[in-house]
Amino acid sequence: AMISTVDRGEDPRAGSRPVTSLQKQPFLKGWILNLRTTQQFIKDGLLLTATMLILRTAGVFFSARLSILAGSAVMGLYTQIMSVYSFAVTAASAGVNLGALRLTSECYGSGREDEIRTGVRQCMSYCLKVGIAISLIFFTVSPFLGGVLLGDTRTIASLRALSVALPFIAVSNAFHGYFNGVNRIYKSAA
């Protein structure tokens, strides 16, 4: 009597290769893939955490050194300026990282890699437009922010100087989303 490849525990599509126990139980196959994904997620998370800790530590040392060199009055101005500036950074780059991440990961995951370039170009265009608009608004309202809101006219020049960086920060957030979307976390951490 002839025994079929299925009866012998072999995959008929694979020629004479035997079916592994993983292929017989598809629920384990998904579990192992999830384990690999989880391990990669943990590695990426640890890399980003380490990068952020290094950057925050450098920021603490910078602030401490600046406080020693410049004094408490300058640190007060620095803190005021950075609080307003962080709001402007949020306005210039709000949602850009997540939008680029989602667009890139959808195209990458569905095998439409040719569309990634178009999507990233659209994200960059959006970032430049919004970043320049927020930069111009921030530059224009700097006298109000410094003189009225912060109550110190010495902050106006610093706010205007910082407004130039807003378009670049928005574009860098789009790149960050792109690198996360194509699973190159190490490049966005660098």
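This note walks through a predicted model of one chain, point by point.

1. **Ground rules.** Because the model is predicted, local features need pLDDT of at least 70 and side-chain atom pairs count only at pLDDT 80 or more, while totals for chains, interfaces and linings use all residues. Residues are numbered from 1 along each chain as its sequence is written, and side-chain values use heavy atoms, with hydrogens and water left out.

2. **Overall build.** The chain has eight helices and zero strands. Read from the N terminus, the order is α-α-α-α-α-α-α-α. Helices here are DSSP runs of H or I with at least four residues; strands are runs of E with at least two; both are numbered from the N terminus.

3. **Burial and surface.** The chain has 190 residues, and 27% of them are buried. Buried means under 20% relative accessible area, exposed means over 50%, and partly exposed lies in between (1.4 Å probe, protein chains only). The chain exposes about 12,900 Å². Carbon and sulfur atoms supply 66% of that area. Accessible areas come from the Shrake-Rupley method with a 1.4 Å probe; for residues, only the protein chains shown count as cover.

4. **Contacts along the sequence.** Take the contacts with a separation of 6 or more: 61% of them join residues 24 or more positions apart. A contact means heavy atoms within 4.5 Å.

5. **A nonpolar patch.** Look at Ile 137, Val 141, Phe 144, Val 148 and Leu 149. They form a nonpolar patch on the surface, with about 490 Å² of accessible area together. Patch residues have over 30% relative accessible area and no salt bridge; nonpolar side chains (Val, Leu, Ile, Met, Phe, Trp, Tyr) are joined within 5 Å, like charges within 9 Å. Val 148 lies in helix H5, residues 114-149. Val 148 counts as exposed because its relative accessibility is 58%.

6. Side chains of opposite charge can pair when their charged atoms come close. The count here is two salt bridges. The rule asks for a side-chain nitrogen of Lys or Arg within 4 Å of a carboxyl oxygen of Asp or Glu. One of the two joins Arg 102 and Glu 106, at 2.8 Å from N to O. Both residues lie in helix H4 (residues 96-109), four residues apart, about one turn of the helix. Arg 102 is exposed at 56% relative accessibility. Glu 106 is partly exposed at 39%.

7. **Salt bridge at Asp 152.** Asp 152 pairs with Arg 154, and their closest N and O atoms are 2.8 Å apart. Arg 154 counts as exposed, at 56%.

8. **Between H5 and H6.** Asp 152 is found in the loop between these two helices. Leaving aside residues up to four places away in sequence, Asp 152 touches Leu 77, Gly 146 and Gly 147. Thr 155 lies in helix H6, residues 155-163. Thr 155 is buried, with a relative accessible area of 1%. With the sequence neighbours up to four places away left out, Thr 155 touches Leu 77, Gln 80, Ile 81, Gly 146 and Leu 150.

9. **A buried glycine.** Gly 119 is found in helix H5. Gly 119 has a relative accessible area of 3%, so the residue is buried. Gly 119 and Gly 99 are 20 residues apart in sequence. In space, they are 9.9 Å apart, C-alpha to C-alpha.

10. **Aromatic pairs.** The chain has four aromatic pairs. Among them is the stacked pair of Phe 175 and Phe 179, at 6.5 Å centre to centre and 25 degrees between the planes. Rings of Phe, Tyr and Trp (its six-membered ring) pair if their centres lie within 6.5 Å; planes under 30 degrees apart are stacked, over 60 edge-to-face, and the rest tilted. Phe 175 and Phe 179 both lie in helix H7 (residues 166-181), four residues apart, about one turn of the helix. Phe 175 is partly exposed, with a relative accessible area of 39%. Phe 175, Tyr 178 and Phe 179 form one aromatic cluster.

11. **A charge over a ring.** Which ring does the charged end of Arg 160 sit over? The ring is that of Phe 139, with the charged end 4.8 Å from its centre. The rule asks for NZ of Lys or CZ of Arg within 6 Å of the ring centre and within 35 degrees of the ring normal.
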